[in-house]
Amino acid sequence: MNPPYRLFSRHLNALFMAMAMTSVFFSSPSFAEVAGPVSKLFVADLKGKADLNTTESITPLEKKTVFTAQGASIVTTKDSNDSMVYSNGSGLYLDSDTRLDVKKFAQEPFTPNRYDMDTEPSVSQTQAYVSHGLVGLCTNKLSAGSNMVYSTPQATLAIHGKKVVIETNNGETRVSVLEGDVTVQSSDDSAGQVLHGGQEATIRSNAANETSSIAHVGQIPPERKQFLSDRVAMACIAKRTVYFEVVEHKGSAGETTQEIQASAVVPTNKPTDFTISPSQLTH
């Protein structure tokens with residue numbers, strides 16, 4: 001029988017072709033009127049059932065929708081997974097039975113019609129919490145002044161890029177860096193340790209005194225590389241499928257408004273567009 005990761009990897013190409021090639025438009029005020037920076041998540045792909053929890057409601061997550069990231073919790077069920085893209089261009093994958101709480105995602109407005117899709121469009125601050133499950137990250141090159149911090153019950157992880165998998169369950173967190181660097185901190189090691197591409201660390205809880213410590217740092221075992229690569233690939237596929245840009249409009253009274261556009265890259269360079277209604281932006 002083929003190992004599960006081989007069956008999983010066979011579907012990646014099919015998934016990439018099957019993902020909807022869409023463009024999403026939603027309005028925001030002009031820069032001068034912006035009460036808070038842009039902070040959105042776009043749902044690039046969804047398999048099975050997942051929920052979006054906010055302070056106001058719990059609603060089923062839907063593909064091709066966009067919602068405010070900060071304050072949102074995304075929960076996948078046993079047989080589901082979800083791929084999303086932050087408006088700073090970072091791809092995010094949630095495996096089955098995973099919960100991610102976006103404690104903070106604040107992004108400064110960015111320049112209209114930018115062309116470098118491998119670099120973060122503007123400075124952003126990300127703080128997220130993974131209570132259980134597996135999260136794969138595929139980030140852009142972060143802007144100077146940006147920070148991205150993911151935490152778990154055992155560890156605090158400063159993500160410097162670029163391909164990272166975080167797994168946490170049963171009193172243990174494992175962080176694997178396929179490409180880039182991550183600084184890992186436990187409650188017993190406030191200085192932290194830096195992991196480079198090809199390394200992973202295991203952080204364990206100490207139930208006796210409610211602390212945690214880094215139990216192991218080493219190279220990613222060969223038998224885990226394909227499994228991890230497959231999960232991070234889902235985040236990278238989402239990242240490549242959609243990019244965010246800003247379009248400015250002049251009103252009849254001379255006022256400037258902006259539209260943040262999430263566009264899919266297709267071979268013809270002519271994406272199919274659809275518009276999100278105001279009711280879909282209330283999440």
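**A cysteine pair and its surroundings**

Author: Let's start with C236, which is buried at a relative accessible area of 7%; buried means under 20%, exposed over 50% and partly exposed in between, using a 1.4 Å probe and protein chains only. Before going on, please keep in mind that this is a predicted model, where local features need pLDDT of at least 70, side-chain atom pairs count only at pLDDT 80 or more, and totals for chains, interfaces and linings use all residues. Residues are numbered from 1 along each chain as its sequence is written, and side-chain values use heavy atoms, leaving out hydrogens and water.

The partner of C236 is C138: the two form a disulfide, with their sulfur atoms 2.2 Å apart. Here a disulfide is a pair of cysteine sulfur atoms within 2.5 Å, and a search of the whole structure finds one. The link of C138 and C236 is right-handed, with 95° about the S-S bond. C138 sits in strand β10 (residues 124–138) and C236 in helix α2 (residues 222–241), so the bond ties together parts that lie 98 residues apart in sequence. Helices (H or I, at least four residues) and strands (E, at least two) are DSSP runs, numbered from the N terminus. C138 is buried too, with a relative accessible area of 5%.

Strand β10 also holds T126, which counts as buried at 1% relative accessibility. Not counting residues up to four places away in sequence, T126 touches Y86, K104, F105, N147, M148, V149 and Y150; contact means heavy atoms within 4.5 Å.

Y150 leads us to the largest nonpolar core, which has 36 residues, and those with the most contacts inside it are L92, Y150 and V175. Such a core is a set of buried Ala, Val, Leu, Ile, Met, Phe, Trp, Tyr and Cys residues joined through side-chain atoms within 4.5 Å. C236 belongs to a second, separate core of ten residues, which also includes I220, L228 and M234.

The chain has a mean pLDDT of 79, and 72% of its residues reach 70 or more; pLDDT is the predictor's confidence in each residue, from 0 to 100. Over residues 266–283 the value is below 50, and over residues 4–37 it stays under 50. Where pLDDT is low, the predicted coordinates should not be read in detail.
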